[in-house]
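My notes follow, entry by entry.

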Amino acid sequence: MCLRKRSGYRPPDLINAKIYTGPIPAERGGELAMGGGRSETSALSGTGGGRGMTTTHNSQRPNACCFCWCCCCSCSCLTVRNEEERRWRRRRTSQDTKMETIPNCEACTKPSAEEIRLWSQSFDKLMKNPAGRNVFREFLRTEYSEENMLFWLACEDLKQEINKSAVEEKARSIYEDYISILSPKEVSLDARVREVINKKIQDPTPHVFEDAQLQIYTLMHRDSYPRFLSSSIYRSLIHGGSRTSSES
């Protein structure tokens, strides 16, 4: 059973609830009576100190929803945490957008007017062109979804790796940056794909994220690509390419 709690505060009438049937340490009794005790979450993060960890170990029925991916949709702990993560992601992305100017762009030559025109014919042609990927990434940044392109590029880089230790290191980094629910750059994947990744990540191969990469590629194709073609970023390139062609 997942108890709803807000900001770590436990009302006095819940002190004797059936969550913990053992004796309350003397040093904690005063804190609990005043409602100022540290929560189990604080103990995990290290902010609760040694005493918080002792309380967690002595508890006969720890609050499981704070330690695992709880499948209970009504769990307020996950609801609040997910909402806070979404707000943090938007703030973090907004800050990154102001501080960075498309870092780590792929090396490429200036696209010709014909290349720019071909990008509108198919998403595949856009993604196969380094300059096209850079421009599309710039557009995704304006929509706060640049992580989709970064994840796709990271998967492409992983596929080229042959050293086992390097594969494990890169796979772990990709998981922490784009798959983990705690990451501000988490990409949107369905439960089935996540389950496959969680099984394969124990012994990763260069293709461990293949299903996830395909899903994100499809998402960009169906969702972002149509808006990119009508965006001011792409229209300005088309007009600029047309003027260059007419002048020459």
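Is valine 167 buried or exposed? I looked up its relative accessibility, which is 4%, so valine 167 counts as buried. I take buried as under 20% relative accessible area, exposed as over 50% and partly exposed as in between, with a 1.4 Å probe and protein chains only.

Before going on, I note that this is a predicted model, in which local features need pLDDT of at least 70 and side-chain atom pairs count only at pLDDT 80 or more, while totals for chains, interfaces and linings use all residues. Residues are numbered from 1 along each chain as its sequence is written, and side-chain values use heavy atoms, with hydrogens and water left out.

**Entry: valine 167**

I placed valine 167 in helix 9 (residues 164-179). Helices (H or I, at least four residues) and strands (E, at least two) are DSSP runs, numbered from the N terminus. Leaving aside neighbours within four places in sequence, I found valine 167 in contact with Leu158, Glu161, Pro204, Thr205 and Pro206. Contact means heavy atoms within 4.5 Å. I also checked histidine 207: it is 40 residues from valine 167 in sequence, and the two C-alpha atoms are 9.6 Å apart.

**Entry: whole protein**

I counted 12 helices and 0 strands. Of the 248 residues in the protein, 33% are buried. I then took the contacts between residues at least 6 apart in sequence; 61% of them join residues at least 24 apart.

**Entry: helix 7 and its ends**

What should the 13 residues of helix 7 span? At 1.5 Å a residue, helix 7 (residues 130-142) should span 18 Å, and its end C-alpha atoms are 19 Å apart, which agrees. The expected span is 1.5 Å times one less than the number of residues.

I find 10 of the 13 residues of helix 7 buried, so this helix is largely enclosed by the rest of the structure. Among the buried residues are Arg133, Arg137 and Arg141, along with Val135, Phe136, Phe139 and Leu140.

Which residue caps the N-terminal end of helix 7? Asparagine 129 does, with a side-chain oxygen 2.9 Å from the backbone nitrogen of alanine 131. Asparagine 129 lies in the loop between helix 6 (123-127) and helix 7. I noted a relative accessible area of 14%, so asparagine 129 is buried. Not counting residues up to four places away in sequence, asparagine 129 touches Glu115 and Trp119. Glutamate 115 is 14 residues from asparagine 129 in sequence and 8.5 Å away, C-alpha to C-alpha.

Past the other end, I looked at tyrosine 144, in the loop between helix 7 and helix 8. Tyrosine 144 has a positive phi of about 55° although it is not a glycine. Its relative accessibility is 48%, so tyrosine 144 counts as partly exposed.

**Entry: helix 8**

The 14 residues of helix 8 should span 20 Å at 1.5 Å a residue, and I found the end C-alpha atoms 20 Å apart, which agrees. Helix 8 is mostly covered, with 10 of its 14 residues buried. Those buried include Trp152, Phe151, Glu146 and Glu147.

I also looked up leucine 153 in helix 8. At 22% relative accessibility, leucine 153 counts as partly exposed. With neighbours within four places in sequence left aside, leucine 153 is in contact with Glu106 and Arg133. Glutamate 106 is 47 residues from leucine 153 in sequence and 9.9 Å from it, C-alpha to C-alpha.

**Entry: packing of helix 8**

At what angle do helix 7 and helix 8 pack? I read about 145°, with the axes 7 Å apart. Axes are lines fitted to C-alpha atoms, for helices over the stretch in contact, and angles run from 0 to 180 degrees between N-to-C directions. Helix 7 brings Arg133, Phe136, Arg137, Leu140 and Arg141 to the contact, and helix 8 brings Glu146, Met149, Leu150, Trp152 and Leu153. By class, I get 6 nonpolar, no polar and 4 charged residues there. Ala, Val, Leu, Ile, Met, Phe, Trp, Tyr, Cys and Pro count as nonpolar, Asp, Glu, Lys and Arg as charged, and the others, Gly among them, as polar.

Helix 8 (residues 146-159) also packs with helix 11 (residues 210-229), at about 140° and with the axes 10 Å apart. On the helix 8 side I listed residues including Phe151, Trp152 and Cys155; they meet a set in helix 11 that includes Ile216, Tyr217 and Met220. By class, this contact has 9 nonpolar, 2 polar and 2 charged residues.

Notes: A polar contact is a pair of N or O atoms within 3.5 Å; within protein, one must be able to donate a hydrogen and the other to accept it, and residues adjacent in sequence count only if both atoms are side-chain atoms.
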